[in-house]
Amino acid sequence: AEIAELRGKIDRLGHVNLDAISEQEELEEREGFLTTQRDDLEESRRQLEQLIGRLNRESQARFLKAFEEIRKHFQELYRRLFGGGKADILLEDEDDVLESGIEVVARPPGKELQRISLLSGGEKALTAIALVFAIFLTNPSPICVLDEVDAPLDDANVHRFCDMLDDMSAATDTRFLIITHHPYTMARMDRLFGVTMGE
């Protein structure tokens, strides 16, 4: 009875896999390879996270430095273009500088401080010119193309705009190419190229 019981247990075990030992070795080798790959990936991820953190810190420091310089130039140029007043650029979220929006606020002479969207067309144009020139003073480029930026300006503001162009040309090595219909702007330029179009 005992022999029969043991034989029954052996039968229930099924056929013996003679290749089981070599298969186990292959599986252990495969597991070791995959574990090494996983460890390499985790180490690479850790290094990438460190690199991203370092780049974010450096980007934030550079951005803040450039932002403060642009801000200072913008405040000066705004007062100059408007003959007074006050303007500023502000970060909407100072805790997350790299993802923050930037708000432009301006107060032309004799008006209350307000968002740029509430200004008139000429005031918006002059504010935008002050901001563009502030960026240029921070990081000048060899050429700047201005297309009809003086169109919404009245004559007094066009005079201030042209004075600023003269100063910007002298302060930087930038060449300004201006597309305009304004007679005073054309009269103030070093060279004039006329373009006509057929009917």
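This note goes through some features of the structure point by point.

1. Basis. The model is predicted, local features need pLDDT of at least 70, side-chain atom pairs count only at pLDDT 80 or more, and totals for chains, interfaces and linings use all residues. Residues are numbered from 1 along each chain as its sequence is written, and side-chain values use heavy atoms, with hydrogens and water left out.

2. Helix α1. Helices (H or I, at least four residues) and strands (E, at least two) are DSSP runs, numbered from the N terminus. Helix α1 covers residues 2-13, and its end C-alpha atoms are 17 Å apart, in agreement with the 16 Å that its 12 residues should span at 1.5 Å a residue. The expected span is 1.5 Å times one less than the number of residues. The number of buried residues in α1 is 1 of 12, so the helix lies largely in the open. Buried here means under 20% relative accessible area, exposed means over 50%, and partly exposed is in between (1.4 Å probe, protein chains only). Just after α1, G14 has a positive phi of about 85 degrees.

3. Helix α2. R30 belongs to helix α2, residues 20-82. With a relative accessible area of 47%, R30 is partly exposed. R30 and E58 are 28 residues apart along the chain, and 42 Å separates their C-alpha atoms.

4. Aromatic pairs. There are 6 aromatic pairs in the structure. Rings of Phe, Tyr and Trp (its six-membered ring) pair if their centres lie within 6.5 Å; planes under 30 degrees apart count as stacked, over 60 as edge-to-face and the rest as tilted. F133 and F161 are a stacked pair, because their ring centres are 6.5 Å apart and their planes are at 5 degrees. This pair links distant parts of the chain, with F133 in helix α3 (residues 121-138) and F161 in helix α4 (residues 155-171), 28 residues apart. F133 counts as buried at 1% relative accessibility, and F161 counts as buried at 0%.

5. A further partner of F133. The rings of F133 and F176 are edge-to-face, because their centres are 5.8 Å apart and their planes are at 70 degrees. F176 lies in strand β5 (residues 175-179) and F133 in helix α3, so the pair ties together parts that are 43 residues apart in sequence. F133 and F176 are both buried. One aromatic cluster is formed by F133, F136, F161 and F176.

6. Largest pocket. The volume of the largest pocket is about 830 Å³. Of its 22 lining residues, the closest to the centre are F176, L177, I178, M189 and R191. A pocket is an open set of points on a 1 Å grid over the protein atoms alone, where a 1.4 Å probe fits, with protein on both sides within 12 Å along at least five of seven lines; lining residues have an atom within 4 Å of a point. Strand β5 gives the largest share of the lining, 5 residues.

7. Two loop residues. E148 is in the loop between β4 (143-147) and α4. E148 has a positive phi of about 60 degrees although it is not a glycine, and it is partly exposed at 25% relative accessible area. T180 sits in the loop between β5 and α5 and is buried, with a relative accessible area of 15%. The side chains of T180 and D150 are joined by a polar contact of 2.7 Å. A polar contact is a pair of N or O atoms within 3.5 Å; within protein, one must be able to donate a hydrogen and the other to accept it, and residues adjacent in sequence count only if both atoms are side-chain atoms. The T180 side chain also reaches the backbone nitrogen of H182 at 2.9 Å.

Terms used: Grid points are joined across faces, edges and corners, and a volume is the space filled by probe spheres set on the points.
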